[in-house]
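Reader: I have a model open and want to learn how to read it. Where do we begin?

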Amino acid sequence: MNISSSSISSKGPPISQEETIAAISTPFGESGIGIVRISGPSAESIARKLFRPKKDQPYFISHHFHFGEIIDNQSGNPVDEVLIVLMKSPRTYTREDIVEIHCHGGYFILQKVLELVLREGARLAQPGEFTKRAFLGGRIDLTQAEAVIDLIRAKTQTSLEIATQQLRGVLCGEMGELRARLIESLALIEAHIDFPEEEIEPIAFGQMKRDLGLIVHRIEEWISSYEEGRIFREGISCAIAGKTNVGKSSLLNVLLKEERAIVTPIPGTTRDVIEEIVNIHGIPVRLMDTAGLRKPADSIEQEGVRRAKERVADADFVLLMLDGSRALDGDDREIIEEIKGKKKVVAVNKKDLPSEIPSEEVKRLFPEDVIVPISALRNDGIEDLKKAIRTSLVQREVRATPEHLVVANIRHKRALTQIRDNLSNAVKGLEDKTSLEFIAFEIRSALEALGDLVGETATEEVLNRIFEKFCIGK
Ligand SMILES: Nc1nc2c(ncn2[C@@H]2O[C@H](COP(=O)(O)OP(=O)(O)OP(=O)(O)O)[C@@H](O)[C@H]2O)c(=O)[nH]1
Ligand SMILES: [Mg+2]
């Protein structure tokens with residue numbers, strides 16, 4: 001059997017895109033500059049029609065800025081003074097010809113320039129279409145394309161490191177190596193299937209078993225990085241729960257370092273849910289301040305309490321707040337009942353006041369959880385609270401380096417799990433001396449999962465799902 005044939009998919013030729021696409025690639029609003037990006041076969045000719053250089057230059061030099069004006073070629077009026085750069089294929093983001101027009105960053109100017117570009121025959125790009133072309137053009141694999149969006153969305157240093165590692169192709173490189181080794185093993189097995197009369201070399205098969213075993217072990221390690229990787233990539237949602245007046249809004253403000261939520265001595269101050277992202281030791285935490293849970297005084301508060309309960313139930317994590325200056329009461333007990341089974345940290349607030357809750361009582365109520373005394377008013381104990389949150393979410397240090405791969409995407413984890421299962425079956429098959437067809441089947445299935453992971457065999461549906469998350473112009 002020829003292993004380079006249909007049994008293993010290989011990278012096809014780059015797909016050429018007929019249409020030229022364009023979009024505003026910078027965010028809406030006013031800014032110093034704003035960029036209209038064009039990619040595709042007509043990018044250069046469109047630019048020539050609209051751009052009038054200040055110095056009379058008959059042609060663009062690729063990858064060089066040129067200074068001039070964009071002219072509305074119907075009215076002959078200048079629209080903006082710009083810097084324009086043509087990047088000739090293939091040394092570009094999409095591997096097609098790309099033109100970037102760097103205008104002044106006003107919404108109307110950018111919209112006008114884009115309109116002119118579209119009038120000359122470009123089509124408005126879909127979300128993520130530039131990156132999709134980079135992928136289809138073979139410049140990056142699917143995991144790297146996914147990293148682009150993670151990079152843009154990264155909210156902490158660690159999430160940025162994970163995205164950068166992926167964009168630089170650490171996972172993609174590991175997969176390339178893995179593929180080569182699997183193809184080698186498959187070739188050996190298939191040679192024996194095709195020529196059964198030949199003597200099987202026990203040494204070669206022993207070596208293969210050891211190699212595959214080591215690969216399985218390595219993949220296990222990558223999979224085990226997922227729980228933490230996911231937390232750093234996606235962040236977690238955390239609801240601050242507690243009865244009225246315990247200091248939930250005060251804590252939100254202290255963690256945010258701004259007066260975001262209204263704080264008053266009146267119980268029932270917070271009605272709606274207030275959400276903000278805070279960086280807790282590298283973890284992006286979506287923190288939710290909620291209405292204090294108690295018997296609602298009116299219908300507004302009733303709705304607030306309903307929303308609070310909903311958020312507490314949905315949150316990945318709960319920060320339970322008690323007021324140490326007041327004895328525990330029925331409201332506290334109800335909340336404790338409500339959050340049973342949730343991952344949590346307990347903050348006992350108002351430690352600047354005389355304590356009315358013995359610490360033994362709190363320990364007895366929460367034997368499994370970390371309990372931190374704090375004062376939101378005095379900004380005291382907050383660092384300990386942050387540490388407690390971080391250690392209850394991640395136990396290990398997460399460092400995404402070229403040597404240490406962190407898997408942070410569920411799609412990658414699923415594919416790796418599939419590969420691991422196939423290869424452990426293959427190892428077991430070699431141990432039990434099962435039929436070579438069975439082992440070949442498992443290795444081929446692992447190669448298929450690998451093809452899905454890097455995007456070679458990913459379906460249109462999968463691609464759409466990935467790229468629709470992008471913004472327009474990326
Ligand atoms: N002494 C003391 N007072 C605090 C502390 N934290 C909050 N307070 C006070 O407690 C009162 C209630 O604080 P909030 O932050 O509004 O409490 P809350 O839990 O959000 O209250 P609701 O929104 O009504 O549920 C305010 O007067 C705060 O100044 C603290 O650590 N020590
Ligand atoms: Mg409040």
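**Strands, a metal site and a cavity**

Author: With strand pairing. This is a predicted model. Strands β5 and β6 (residues 98-105) pair in the antiparallel sense, over five bridges. In β6, isoleucine 98 is the bridge partner of methionine 87.

Reader: How many bridges join β4 to β5, and in which sense do they run?

Author: Eight bridges join them, and the strands run antiparallel. β4 covers residues 64-71 and β5 covers residues 78-87. One pair to look up is histidine 64 with leucine 86 in β5.

Reader: What lies between β4 and β5?

Author: Six residues; the two strands form a hairpin.

Reader: Now the metal. Which atoms coordinate the magnesium ion (ligand 2)?

Author: Look for donor atoms within 2.8 Å of the metal. Here they are Ser249 (OG) and Thr270 (OG1), at 2.0 to 2.1 Å. Serine 249 sits in helix α9 (residues 248-256) and threonine 270 in the loop between α9 and β9 (274-280), so the pair ties together parts 21 residues apart in sequence. Water is not among the atoms, so the site may look incomplete.

Reader: Are serine 249 and threonine 270 buried or exposed?

Author: Both are buried, meaning under 20% relative accessible area.

Reader: What classes of residue line the largest cavity?

Author: Six nonpolar, three polar and no charged residues.

Conventions. Residues are numbered from 1 along each chain as its sequence is written. Chains are lettered from A and ligands numbered from 1 in the order in which they are written. This is a predicted model: local features need pLDDT of at least 70, side-chain atom pairs count only at pLDDT 80 or more; totals for chains, interfaces and linings use all residues. Side-chain values use heavy atoms; hydrogens and water are left out. Two strands pair if DSSP finds at least two bridges between them. Helices (H or I, at least four residues) and strands (E, at least two) are DSSP runs, numbered from the N terminus. Donors are N, O and S atoms within 2.8 Å of the metal (3.2 Å for Na, K and Ca); water is not among the atoms, so sites may look incomplete. Buried means under 20% relative accessible area, exposed over 50%, partly exposed in between (1.4 Å probe, protein chains only). Ala, Val, Leu, Ile, Met, Phe, Trp, Tyr, Cys and Pro count as nonpolar, Asp, Glu, Lys and Arg as charged, and the others, Gly among them, as polar.
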